[in-house]
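Have a look at the chain below.

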Amino acid sequence: MAARIDLGDFDVVVVGSGSAGSSAAIAASRSGARTLIIDRLPFIGGTSTGVLDTFYGFYTPGEVSRKIVGGIPDDVIAGLKKLGPVVERANTYGAGTGVTYNPEHLKVVWERLLVDAGVKVLLHSLLQEVTVSDGRVLSLTLATRSGLATVSGKNFIDASGDADLAYFANFSYERAGEISPAQTMTTTFRMINVDVKKRKSFTKDQLHAAMEQAVLDGYQLPRREGSDHITTVDNTMATVMTRVDSVRATTNSEIESVLDNPFFLSESEINGREQALEYARFLIDRVPGYENSALYGLSTFLGIRESRRVYGDYRVTREDVLTAQHFDDQIALCGAPIEDHHSGTGTNWAYIPNSGVVGIPLRALQVKDSINTLVVGRCFSATHDAHASIRSMAQCMAMGTAAGTVAAIASKNFKEIRGIDFNDIKKVLKTGGAILEMPN
Ligand SMILES: Cc1cc2nc3c(=O)[nH]c(=O)nc-3n(C[C@H](O)[C@H](O)[C@H](O)COP(=O)(O)OP(=O)(O)OC[C@H]3O[C@@H](n4cnc5c(N)ncnc54)[C@H](O)[C@@H]3O)c2cc1C
């Protein structure tokens, strides 16, 4: 057996470079910690660059749109604007104003911000094993293109979206589908050569009615409330339309998730692409403006909305969201509705009353079973419903900023992550532009 490659020792090790992980690494390094970020993919950004093109969560939905996320996420937008257009799509429905960007530009923006902050970037590296002693993560084993490698650190951040670090460390988590129905998955796709003006003459309701009719006529469209939107490139539309189940029943009436079975995940990727082709056929045949269009890009991988959610010191709940709960240790805000892409044909929405916002407590980022691990992004500690509100990318970036800051302060001061005065954390976050309380 070949010897394992030693990749070194760091103050903060971040697994996953999506919106949450990249923000965490940038924050940790800016706070002076020797920081490593690891991703299995050959590029940075995870879902933000591999699947999507619109940040939600920067603004509250409703008649009055308030900006509730700032700091590193603002630097991301500034970096995008240097490379090309960024389009704010006002939306009083849905999750509020969306910020649409070019995902290819975002890959470079994330890289620039990470490199400029001094973060060591490790791509093409898949976490496979975690060594833990008494709740302290000591090291990680990664499958790299050069062979198995190890990395050690003082503090760790699970930003893998699917809680891979917690999974391999045997920390407790809830599998999506175990308690509440799991959110479905989506292969996104882009269409070029669309007559956008003509497309805009067709309303959302007309689009959904056309989908219903197409199904009656034999098209295979599992979701009948899919959406399309303009992009930063002329005559190009992006879609969030396909629907692939992330959980299925097994013969002994247990549930099986896509992450339990590598063949299930593979079949789902194939299914998502087949569906995308069918939705593209529908658009070309049935939707005004698409007559001369063509399918141009499929998402790099299937978008997973939820898979594993780690148990933290606190779990944010549906009630917290719908009563706009605030917490003494809140590190970010969220105004997005509970948006549940269940396995039926539609989507369920539940709004925070009076355009309110819910706080995200630091305790929901502290992994219950560990003394030196934080969890951020779509695998943070929340119930299914609360997660369905707080999972937008702006909130992932805000959570990441907070976790990176906490991990850096702990590492530099030889403290435990739970042993830091919250006022010190708050001070650094506010100085960096984070928004912790509702602006008037
Ligand atoms: C179809 C879909 C549509 C959505 N629409 C929107 C939208 O329009 N706007 C919005 O704001 N939000 C949207 N969301 C939600 C939002 O995109 C996600 O919640 C968010 O991007 C999650 O960010 P993250 O950083 O937690 O995880 P991810 O972006 O998924 O990043 C996780 C990273 O970890 C890496 N990783 C995982 N396991 C390992 C491992 N073992 N070893 C190494 N690396 C690993 C992955 O490669 C990935 O890069 C959508 C989600 C989906 C799936």
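## A charged pair

Start with one pair of residues. Aspartate 260 forms a salt bridge with arginine 175. Their closest N and O atoms are 2.5 Å apart. Why can such a pair form? Side chains of opposite charge can pair when their charged atoms come close. Keep in mind that this is a predicted model.

## Two domains

Where does that pair sit? The domain assignment gives the protein chain a domain 1 and a domain 2. Domain 1 is made of two stretches, 5-180 and 306-431. Domain 2 runs over 185-304. The count between domain 1 and domain 2 is 1 salt bridge.

The centres of the two domains, taken over C-alpha atoms, are 26 Å apart. Domain 1 brings 32 residues to the contact, and domain 2 brings 25.

## The surface between them

How much area do domain 1 and domain 2 bury between them? The figure is about 2300 Å², with 53% of it on carbon and sulfur atoms. Three residues stand out on the domain 1 side: Val51, Arg175 and Thr345. They supply 24% of the area that domain 1 buries against domain 2, more than any other three residues.

Polar contacts cross this interface too. There are 6 residue pairs in polar contact between domain 1 and domain 2. On the side of domain 1 that touches domain 2, helix H2 (47-50) and strand S4 (87-89) are the elements that give two or more residues. The residues of that side divide into 15 polar, 9 nonpolar and 8 charged.

## Around the ligand

Now turn to the ligand.

A polar backbone atom of alanine 20 is 3.0 Å from an oxygen atom of the ligand. For tyrosine 56, a backbone N or O atom lies 2.9 Å from a ligand oxygen atom. For leucine 127, a backbone N or O atom lies 2.9 Å from a nitrogen atom of the ligand.

## Salt bridges in the whole model

The count comes to 28 salt bridges. One of them joins arginine 378 and aspartate 162, with the closest N and O atoms 2.8 Å apart. This pair links distant parts of the chain, 216 residues apart. Arginine 378 is in the loop between strand S24 (373-375) and helix H10 (384-390). Aspartate 162 is in the loop between strand S9 (147-158) and helix H5 (164-169).

Methods: Residues numbered from 1 in each chain as written. Predicted model: local features only at pLDDT ≥ 70, side-chain atom pairs only at ≥ 80, totals over all residues. Heavy atoms only, no water. Domains from an automatic or database assignment. Contact = heavy atoms within 4.5 Å. Buried area = accessible area lost by both parts, 1.4 Å probe. Salt bridge = Lys/Arg side-chain N within 4 Å of Asp/Glu carboxyl O. Polar contact = N/O pair within 3.5 Å; in protein donor to acceptor, adjacent residues only side chain to side chain. Helix = DSSP H or I, 4+ residues; strand = E, 2+ residues; numbered from the N terminus. Nonpolar A, V, L, I, M, F, W, Y, C, P; charged D, E, K, R; others polar.
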